[in-house]
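Colleague: I'm new to this one and would like to learn how to read it. Please take me through it a feature at a time.

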Amino acid sequence: MDWSPVLISMKTAGLSIVITFFLGIFAAWRVVCIKSRCWKFIWDGILTLPLVLPPTVAGFFLLYIFGVKRPVGQFFLDFFSVKIVFSWGAAVIAAVTMSFPLMYRSARGAFEQVNPDLVEAARTLGMGEWMIFHRVLLANAVPGVVSGGVLAFARGLGEFGATAMIAGNIAGKTRTLPMAVYSEVAAGNMDSAFAYVAVIAAIAFISILVMNAAAWKAGGGIHG
């Protein structure tokens, strides 16, 4: 079995969850702080959109943005000599795009579950908004935030449609585990496909166990 899809998938999912984790928490915090219900609905819709779009449609938008003949893609090519599409970086972008809404919505839900009286009490004690976020909101939302990280990591690990559109299926470069499964099935190599399926299922399951254990320790148990 070729192990390059395993390494590519782990690198892609690992980097994407780092980016998604912090972006999702920050976006959730900013949306929760919006006072206008109308603007909150609009921003929530924009940030959640990749979750409801078909992955190939999201991939089309990414290809439209980062293509070599598009402003963003051409900028990177002209000034940094970096071609984004059909590269490993494109696979990371696809994974971040598709996993971000899960992290964002989980973090937002966790923040909104925090007792507002705690936030008001912190303000009366003279705490700044950043300190309130760190010491009150985030500290009391750890289980929900970690659960969002689990979902986002698993989504990034299993991303297929958007990756196929913007990164392609290049062996040893952008062929992630889902792409490898597809390639082996298309070639009729069912045994190899099953091996890749077993690997991705094992990684996802172990990740859930580890992150659930972290949430249990930090939040006093995961209720469900």
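Predicted model: local features only at pLDDT ≥ 70, side-chain atom pairs only at ≥ 80, totals over all residues.

Colleague: Good to know. What is phi of Phe86 near?

Modeller: It's near 55 degrees, which is a positive value in a residue other than glycine. Ser81 is another case, with its phi near 55 degrees. Ser81 is found in the loop between helix 4, residues 71-80, and helix 5.

Colleague: Now accessibility. Is Ser81 buried or exposed?

Modeller: The idea is a relative accessible area, computed with a 1.4 Å probe on protein chains only: under 20% is buried, over 50% is exposed, and in between is partly exposed. At 63%, Ser81 is exposed. Phe86 comes out at 36%, so it counts as partly exposed.

Colleague: And how much of the protein is buried?

Modeller: Buried residues are 39% of the 224 residues. One example is Ser183, with a relative accessible area of 15%. Its place is in helix 10, which covers residues 177-186.

Colleague: Which residues does Ser183 touch?

Modeller: A contact means heavy atoms within 4.5 Å. If you leave aside the neighbours within four places in sequence, Ser183 is in contact with Asn169 and Arg175.

Colleague: Let me step back. How many helices and strands are there?

Modeller: Eleven helices and zero strands. Read from the N terminus, the order of elements is α-α-α-α-α-α-α-α-α-α-α. The C-alpha atoms fill a box of roughly 65 × 40 × 30 Å along the principal axes.

Colleague: What does the UniProt record list as transmembrane region?

Modeller: UniProt positions are in the numbering used here, feature names are shortened, and annotations may be inferred rather than shown by experiment. The unreviewed entry lists residues 6-29, 41-65, 85-104, 132-154 and 193-216. In the model, residues 6-29 are 100% helix and 0% strand, with the end C-alpha atoms 34 Å apart. Residues 132-154 are 96% helix and 0% strand, and there the end C-alpha atoms are 30 Å apart.

Colleague: Next, helix pairs. How do the axes of helix 1 and helix 2 cross?

Modeller: An axis is a line fitted to C-alpha atoms, for helices over the stretch in contact, and angles run from 0 to 180 degrees between N-to-C directions. Under 35 degrees is roughly parallel, over 145 roughly antiparallel, 65 to 115 roughly perpendicular, and the rest oblique. Helix 1 (residues 4-33) and helix 2 have axes that come within 9 Å and cross at roughly 160 degrees. They are therefore roughly antiparallel to each other.

Colleague: Which residues meet there?

Modeller: Ala27, Val31 and Val32 of helix 1 meet Lys40, Trp43 and Leu47 of helix 2. For sorting them, Ala, Val, Leu, Ile, Met, Phe, Trp, Tyr, Cys and Pro count as nonpolar, Asp, Glu, Lys and Arg as charged, and the others, Gly among them, as polar. This contact has five nonpolar residues, no polar and one charged.

Colleague: How do helix 2 and helix 5 cross?

Modeller: The axes of helix 2 (residues 37-52) and helix 5 (residues 88-112) come within 6 Å and cross at roughly 135 degrees. That makes helix 2 oblique to helix 5. Residues of the contact include Lys40, Asp44 and Leu47 from helix 2, and Arg105 and Arg108 from helix 5. Counted by type, this contact has eight nonpolar, two polar and four charged residues.

Colleague: Last one: how far apart are Gly14 and Phe153 in sequence and in space?

Modeller: They are 139 residues apart in sequence and 7.5 Å apart in space, C-alpha to C-alpha. Gly14 lies in helix 1, and with a relative accessible area of 25% it is partly exposed. Across the protein, residues 24 or more positions apart account for 71% of the contacts with a separation of 6 or more.

Key:
Residues numbered from 1 in each chain as written. Heavy atoms only, no water. Helix = DSSP H or I, 4+ residues; strand = E, 2+ residues; numbered from the N terminus.
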